[in-house]
Amino acid sequence: MSALSISGLGLVGPAGNTPDELVSALSTPGGPVDVTGMYEAELPGALAYALPEFSTRAELGRKGTSFFDRRTALTVIACGRALADAGVAVSEEIRDRTGIVVGTTAGSVRSSVDYAVETFTQDPPHLVNPALFPTTVMNCAAGQSAIWYGLRGVNATLAGGRTAFLSVLRYCRTLLRCGRADTLIAAAIDEFTPHAAWLTQLSGADVAPGEGGAAFVVRGAAAARGDAEVLDVRLGFCPRDTDISTALGATIRGVLDRAGLAAGEITTVASGTDDDAFKATVAALDGRAPRRLRVDEVVGDCPTAVGAVELAALLSEHRADPARDGAVSLLVARTPEGAFGVAAVRAWSRS
Amino acid sequence: MRRVVVTGLGPVSSIGIGVRAFEAGLRAGRSGVGDITAFDPTGFPRTRAGEVTAFRPRELLRVLDADRWGRSACFAAAAARLAVADAGLSEVDLRDASVVVGTTSGESKVIEEFGRRVAGEGFAAVPAALAEQLPAGRLSFAVNEELGIAGESVTLATACSASNYALGYAYDAIAHGDADIVVTGGADSVCRWAHAGFVRLGAVAELECAPFDRDRTGMVTAEGGAMLVLESEEHAARRGARAYARVLGYALNCDAHHMVAPRAETIAACMRLALADAGLTPEDVDYVCAHGTGTLANDATEAEALHAAFAGRVPPVSSIKSMLGHTMGAASAFGLIAAALAIARGFLPPTINWTTPDPAMPWLDPVANRAREAKVRVAQNNGFAFGGNNAISLLGAV
């Protein structure tokens, strides 16, 4: 039995707004763009994989968007595109059982840090903008998306950095298996801000900062076959004095065993820019080296959304190429602290 | 479905660190609220908070280097250390456990320091060590690292109901066989910017937090770590562990209406969903551990929802935020610890600072000022949050 059925995908970011555009970008990456005019604050570099022309008002209108931060606006857009792609019309009948699960690293760091900055520059110090206070909480994007689409089902936000999206899939799988929702939107989004750019710089990433991400409509394993099924998704942690390759390898073999997959059936592996995680995966696949999918050349460093963009890339490739129908891929992620996640995904075209 | 029991409690709170001290604090109606020391409150019109001034991370942590982890992660890991000791679990027992931690603002003191550097000298002055400590996922990672746990590590960032979300996920994981043991709870830290935000919203009390009182003036920002050990009943029985309470069920829903103002209709629906999930009726509930922040609007909304869900026959309701202040992402977990103690030890924690009935809720018994001996078979724990993220859990006698 698989863990989840995926029936729609919503994209936002510099790599395109549709599966076709993403496939084109993957074959012919556009490269980073000049972002020097985007913010008054100093940036660590002139280039980023960002949307310099993005305007919340132009995309979503004025009503209800005055206090959206960039992450919230991008999340609302991605959720809407996912619902449309899945053909889900939100009616009174499904509102209470339809929810949203969003992955994050620390919410909108620009929103919370700038709030802190205000308390050091205002006199008296509490003269912060009360209307912006909700943007400082990490569940702002999920909460605003629920308001936008009228979704009263489970609304959750999970923090996990590079493993956040796999945590989201695992959490959705548990909610759906336990009957706590019928339909969920699983999303992970990054925003390009000076704060995010400096964090990418400080992390030592050798890729320019990025933004955007993806959202997916997911249902329980019993749902009709959609674009893809998540055969299994597992999380783990590698505490002190233990070897990440061993732990990751054991988890990958466990995922294959439970899904009844042979190592040779894995056609593609995505592990971000993490070479060591890829090597550990190859070792766990008995040395067979499947194709490695990398999305950093089209979206830059997306420390939260990377897993969602990888899944979107896989689904988009499948949609463009019926010859790949039924192929299985692995998503692998880990954080510097030792958290890791693995998902096995089987996908199809829509033909 | 497997039965799930609570076998360990780990409170790191302003009214006591460790389960004995915390229970004594609840029974005595102790206040943990005092003058702010976590930041310079000069210029703020409200200068009180519920700080855990006695928290010495190094005295509780055996593995984590407190200099390399933020305050909230240290709260989570220290509380987890206490909870597993209370449960009598060794590191070998815990190897395959899971960890689920709820939080509102994650490493809010790290964010505060980030802001201080940016305000002073600009982004270039932000050190890499600070950036490393920023991710909120480190709250659960800290627990895994401290206790040597190799199972999954999840941080739920659903604001002030987050640790009820965490409890729910932990419950589902054990009930459906994903794990035998889950260490779960919540953590948050008092910080300058969140205090400023709540003050600016007009939500902060002048001196004390007086939930459900006619003359309540608001909440008090607070902090702490609150962790519980959940275990399958079978696993607990096999090792001869004592259980405080059983997890009976939970529910989550979303107002989808307003980011800040809660909605009674959806909250009442969440209460009904939780009761249905646990297979209970309103008459079964002996005690409600309220969200009870102490603001005029929130308490009125919670009371209205209780009145609706319980068809007017509401059991005693108390707010431990009157003692602790609002510990944000830890609040629901402190509520769970209080509810587990209420069940196991037979008392209702009080709502302190209570003087005057609110004429809008004459039927509400707030367990005013003094703890009360009572047999509690079922306790309901309420959690509400920004984003309309409602989460309600139910604990029962073993």
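The model shown here and in every other view is predicted. Although B:Phe212 is not a glycine, its phi is positive, at about 65°. Most residues other than glycine have a negative phi.

**Surroundings of B:Ala256.** A positive phi also occurs at B:Ala256, a residue other than glycine, with a value near 50°. The loop that holds B:Ala256 runs between strand S9 (245–254) and helix H11 (264–278) of chain B. B:Ala256 counts as buried because it has 26 C-beta neighbours inside 10 Å.

**The cis peptide bond between A:Asp123 and A:Pro124.** The peptide bond that joins A:Asp123 and A:Pro124 is cis, with omega about 0°. Most peptide bonds are trans. A:Pro124 is placed in the loop of chain A between helix H5 (109–121) and helix H6 (140–149).

**The side of chain A that touches chain B.** Contacts between the chains involve 67 residues of chain A and 62 residues of chain B. On chain A, at least two residues of this side come from each of strand S4 (98–104), H5, H6, strand S5 (155–159), helix H7 (164–177), helix H8 (194–202) and strand S8 (228–237). H5(A) supplies the largest share, eight residues. By class, this side of chain A comprises 37 nonpolar, 23 polar and seven charged residues.

**Strand pairing between the chains.** S5(A) and strand S6 (residues 153–156) of chain B run antiparallel and are joined by two bridges. Within S6(B), B:Thr155 is the bridge partner of A:Ala159.

Chain B contains 14 helices and 15 strands. Its radius of gyration is 19 Å, close to the 21 Å given by the globule rule for 398 residues, so chain B is as compact as a globular protein of that length. Along the principal axes, the C-alpha atoms of chain B fill a box of roughly 60 × 50 × 40 Å. Among the contacts in chain B with a separation of 6 or more, 80% are between residues 24 or more positions apart.

Technical notes. Residues are numbered from 1 along each chain as its sequence is written. Chains are lettered from A and ligands numbered from 1 in the order in which they are written. This is a predicted model: local features need pLDDT of at least 70, side-chain atom pairs count only at pLDDT 80 or more; totals for chains, interfaces and linings use all residues. Helices (H or I, at least four residues) and strands (E, at least two) are DSSP runs, numbered from the N terminus. A residue is buried if 20 or more other C-beta atoms lie within 10 Å of its own, exposed if 12 or fewer, and partly exposed in between; C-beta atoms are placed from the backbone. The radius of gyration is taken over C-alpha atoms; the globule rule is 2.2 Å times the number of residues to the power 0.38. Two residues are in contact if their C-beta atoms, placed from the backbone, lie within 7 Å. Ala, Val, Leu, Ile, Met, Phe, Trp, Tyr, Cys and Pro count as nonpolar, Asp, Glu, Lys and Arg as charged, and the others, Gly among them, as polar. Two strands pair if DSSP finds at least two bridges between them.
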